[in-house]
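Visitor: I would like to learn how to read the features of a structure. Please take them in turn.

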Amino acid sequence: MSSQDPTHPSSLSAYWMPFTANRNFKAAPRMLVSAEGMHYRDDAGNTILDGTAGLWCVPLGHAHPKIVSAVQKSVATLDYAPSFQLGHPSAFELAERLKAYTGNRFGNVFYTGSGSEAVDTALKIALAYHRAKGNATRTRLIGRERGYHGVGFGGMSVGGIGGNRKTFSTALLPGVDHLPHTHNLEKNAFTKGEPEYGAHLADELERLVTLHDASNIAAVIVEPVAGSTGVLIPPKGYLKRLREICTKHGILLIFDEVITGFGRLGTPFASDYFDVEPDIFTTAKGLTNGVVPMGAVFVKPEIHDAFMNGPDGIELFHGYTYSGHPLACAAGLASLEVFQTEGVLENAQAVADYFQEAAHALRGLPHVIDVRTIGLIAGIELASIPGRVGARAYDAFVRAFNDGILIRVTGDIIALSPPLIINKQQIDELFGKLAAILKTLA
Ligand code: PMP
């Protein structure tokens with residue numbers, strides 16, 4: 001790799017990579033050059049089985065012909081349309097279809113360009129909603145330890161990952177509290193599905209209400225299943241309890257479904273799986289199958305109504321140049337059609353148990369201190385090397401890539417979230433190769 005030559009197209013000097021140890025990458029680059037179905041191909045011609053659906057964002061597999069052709073058609077017809085005061089048909093059509101995909105339980109959709117923007121939009125909608133209802137003091141926000149809600153100042157503030165926050169600590173939003181996380185290895189290790197222990201942790205919300213008074217609290221935001229922070233699955237009854245407390249005190253409940261939305265648990269949304277309905281939820285990633293960046297915030301009809309019934313003029317002073325981008329809408333419409341016509345959720349449901357069993361079969365291998373699974377998500381937690389948290393899992397990641405499987409690591413947790421079209425043979429390959437790596441890991 002000619003990383004020293006700045007004129008070479010593959011020079012590694014100019015691009016500042018996100019969430020990457022740039023110096024390490026430049027010493028040993030891994031380049032993906034094409035993708036199809038369940039596989040990537042790297043610049044040396046190796047085929048790599050995608051065990052992570054990109055970054056959780058390719059549920060339908062790569063380069064689906066219907067999505068490719070929809071985007072190609074769109075770019076040749078309407079490349080861009082201003083998003084303020086003007087519309088274009090596919091933005092409205094996609095919103096209608098998405099609304100229907102929620103079973104019409106949610107009334108309106110606000111488009112963003114990413115998951116981070118969707119989170120910040122949801123938080124702003126929550127504050128503006130309370131103001132529109134005459135409750136302007138409801139401004140406090142409540143997140144959760146170990147939560148990940150993207151990298152905007154709002155999302156970072158309600159997020160609970162110390163490493164992401166420490167550099168920016170004095171610039172975080174004021175008036176934010178965090179519920180305790182629900183991870184408990186002593187009580188819940190090696191759980192399939194929802195763990196038994198921990199529903200009572202939702203009661204911490206009552207404590208915050210007592211402390212601040214409900215009249216000052218706008219919203220609670222949680223990921224139904226936390227992904228980026230290492231696959232944390234909600235204890236049985238926990239989300240229902242959060243819902244009850246929010247309802248009791250007029251606090252909005254926001255689900256961040258950026259990774260769980262669009263089939264990850266075998267249902268359209270995690271709220272369907274857990275049978276708990278938020279007031280607002282965020283999505284991104286699978287919305288367009290990762291093909292064009294896009295996020296979307298869904299709100300209950302009564303939230304939108306509060307804005308419609310307020311004073312005349314612009315109801316929510318908020319939006320993005322790329323809200324409802326024509327190419328993203330084309331990708332979204334085509335993706336939704338594939339979801340609904342190609343048995344994608346049915347496959348996810350059919351292979352989920354096989355996938356989860358394969359993950360739990362890693363129990364007993366060296367360093368494996370937990371395996372937790374739900375839907376097509378598996379978290380495999382490794383014991384950390386003292387003083388070198390993350391080193392062991394990173395080693396597994398590099399070796400996995402060299403062995404032709406893409407896994408994701410966060411700290412010392414391996415997170416697997418393959419495209420929903422995965423078959424049993426590919427599940428065998430993924431876990432077979434991973435088991436072999438774990439057996440020989442230092
Ligand atoms: N929320 C959650 C739950 C996420 O997992 C992510 C991304 N992994 C985000 C928000 C941020 O999305 P993006 O990277 O598209 O900004």
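Guide: Start with pairing: two strands pair if DSSP finds at least two bridges between them. Helices (H or I, at least four residues) and strands (E, at least two) are DSSP runs, numbered from the N terminus. Residues are numbered from 1 along each chain as its sequence is written. This is a predicted model, in which local features need pLDDT of at least 70, side-chain atom pairs count only at pLDDT 80 or more, and totals for chains, interfaces and linings use all residues.

Visitor: In strand 7, which residue is the bridge partner of isoleucine 142?

Guide: Valine 220 in strand 7 is the bridge partner of isoleucine 142. Strand 5 (residues 140–144) and strand 7 (residues 217–222) pair in the parallel sense, over 3 bridges.

Visitor: What is the order of the strands in the open sheet of 7 strands?

Guide: The order is 4-10-9-8-7-5-6, and the pairing is mixed. Strand 4 (108–112) and strand 6 (176–179) are at the edges with a single partner strand each, so one side of each lacks a neighbour in the sheet. For angles, axes are lines fitted to C-alpha atoms, for helices over the stretch in contact, and the angles run from 0 to 180 degrees between N-to-C directions. In this sheet neighbouring strands are turned by 20° against each other on average, direction ignored.

Visitor: Which strands does helix 10 lie across?

Guide: Contact between two residues is defined by C-beta atoms, placed from the backbone, that lie within 7 Å. Helix 10 (residues 238–249) lies across strand 7 and strand 8 (252–256), and runs at about 145° to strand 8.

Visitor: What is the order in the open sheet that 4 strands form?

Guide: That order is 11-12-15-14, with antiparallel pairing. Here strand 11 (368–374) and strand 14 (408–410) hold the edges; each has a single partner strand, so one side of each is left without a neighbour in the sheet. Within the sheet, strand 12 (residues 377–382) pairs with strand 15 (residues 413–416) in the antiparallel sense over 4 bridges. Glutamate 381 stands opposite isoleucine 413 in strand 15. Helix 14 lies across strand 11, strand 12 and strand 15, at about 175° to strand 11.

Visitor: At roughly what angle do the axes of helix 5 and helix 12 cross?

Guide: They cross at roughly 60°, and the axes of helix 5 and helix 12 (residues 301–308) come within 9 Å. Helix 5 and helix 12 are therefore oblique to each other. Ile125, Tyr129 and Ala132 of helix 5 meet Ile303, Ala306 and Phe307 of helix 12 in the contact.

Visitor: Which residues come nearest to the ligand?

Guide: A residue is near a molecule or strand if its C-beta atom, placed from the backbone, lies within 6 Å of it. Of the 14 residues around the ligand, Ser114, Gly115, Ser116, Gly150 and Val258 come nearest. Helix 5 (residues 115–132) gives the largest share of the shell, 3 residues.

Methods
Parallel < 35°, antiparallel > 145°, perpendicular 65-115°, else oblique.
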